[in-house]
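Good morning, and thank you for coming. Please look at the structure on the screen while I speak about aromatic rings.

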Amino acid sequence: LLSSTLVLLAWMYSKYSVIDGPPLTNNEGIVYYAPEQVHAPSSVDEIQRLIVKAQKSGRTIRALGSGHSWSTLSISDDMYISLYNYRGLVSINKNEKVVTFKGGTRLWEINAILAEHDLALSILPSISNQTIAGAIATGTHHTGVSFGNLVSFVTELELVTGTGEVLSITPESDSDLFHAAGVSLGLLGIITEVTLKYESIFNLEESRVSYNLTYCIENMNELSKSAEHVKLWVELNSESCTITGASRTNKPPDSVPVIKQPLTDILMFAYEAYQWIFSIFTFGTNIGLQFLFSLDIMEPYNRVAISWEVFNIPHYIAPNHREGEIAVPFENCVNAVQELARVKRDLNIPVNHIVEIRFVKKDNIWMSNEYQTDTCHITVLMYNPSLYNWNLYTNEFYKATLKYKGRPHWGKSFNMTPEEVTELYPKFQEFLNVRKRLDPNGVFLNEVARDSFGL
């Protein structure tokens, strides 16, 4: 009873708490920010002045978004510029079908604003609390073999560089600069405006069905194309695999939420309770989660809803968890999933969370996970893990996927050497050259960037 109560309180806090101002931890309380100064300017002029002042005084700046990221690349012990006060709609160009937002605008705000005009973005990530600038800078994505990441829908970026210069960047004005700035990792400047393609508001029909992991591995290619947007949730202890697919439809949204089996809500609550219990009593993880998933916790369903209600996941992911993610070339997806299962099995790691598998179309953005490669993203999660188990799990998985050209997601936990970055990203040196030109004094560098990129 006590454990269930604690899980319920944690869930309620994560669902209903509101942060008034820039965060000083990430959303999960895992990554802590300890800067000397946090600034939340409300204009581009203010942002320029802060950058110029930092440059002259030899200080460093990192951009602070919504706090969704697990990446230590975002950490600063000096100055943060938060775009918390620089958000909102700039313009809608109906002739070119593009919309421009200030960099600090949250994705959920974008959804609401576009809905007022009967418009929508073509794809969205699973979490809508991210800022549009942060989502762009880290290569945030959803899933769909015919859909690129969020950057692939960007037509123009406004960026304040390390010298305080304001640049408007398009593929037509400077192709190389645009391809460098698309996934900039906060190293080229502060993204102050983002212009994206939009489309008319649309509905998605989503369905879910569960199989065993062997079936999913044997049919991965066909399953990935079985709907416009396909994702797989794998539970390694029970070797179960749940496939969720969504495609555009002319059907109207369901009038009420789909709740065909009330028992499922109880089972999902039990799953969160199990995660908490087995984060402490790790020896029971395997047997406990095998039993829980034998109860068909992920029952089949079908629903129709507005696009963003489908793209955003329900609250199945408990607070206080860690995430890592590797993007491998699509043709290596099965091998990488098998490697992950082997790592978990051989090292007897008490994995108490699902693995998520998604698919993203290739692009030409230099530091994108999808650079010239259709990818399969494999996200590993653990609830409240010990650092030993988490590092063992993610580091061994990353090492196992290096031979498959696995690229870690920039917004999740990662640990790469300059040699590995150079091998995985053919345009890495060109990116560094652009960085040096836009930020000659290293205003936007931190220790992690210096170590990972050899700067």
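Tryptophan 410 counts as buried because its relative accessibility is 2%, where buried means under 20% relative accessible area, exposed over 50% and partly exposed in between, with a 1.4 Å probe and protein chains only. Phenylalanine 453 is buried as well, with a relative accessible area of 2%. The model is predicted, so local features need pLDDT of at least 70 and side-chain atom pairs pLDDT 80 or more, while totals for chains, interfaces and linings use all residues. Residues are numbered from 1 along each chain as its sequence is written, and side-chain values use heavy atoms, without hydrogens and water.

Let us turn to the ring pairs. Rings of Phe, Tyr and Trp (its six-membered ring) pair if their centres lie within 6.5 Å; planes under 30 degrees apart are stacked, over 60 edge-to-face, and the rest tilted. By this rule there are seven aromatic pairs.

Which residues form one aromatic cluster? They are Trp410, Tyr425, Phe428 and Phe453.

Finally, a charge sits over a ring if NZ of Lys or CZ of Arg is within 6 Å of the ring centre and within 35 degrees of the ring normal. Arginine 248 lies over the face of phenylalanine 202, 4.0 Å from the ring centre. The charged end of arginine 87 is placed over the ring of tyrosine 84, 4.8 Å from its centre.
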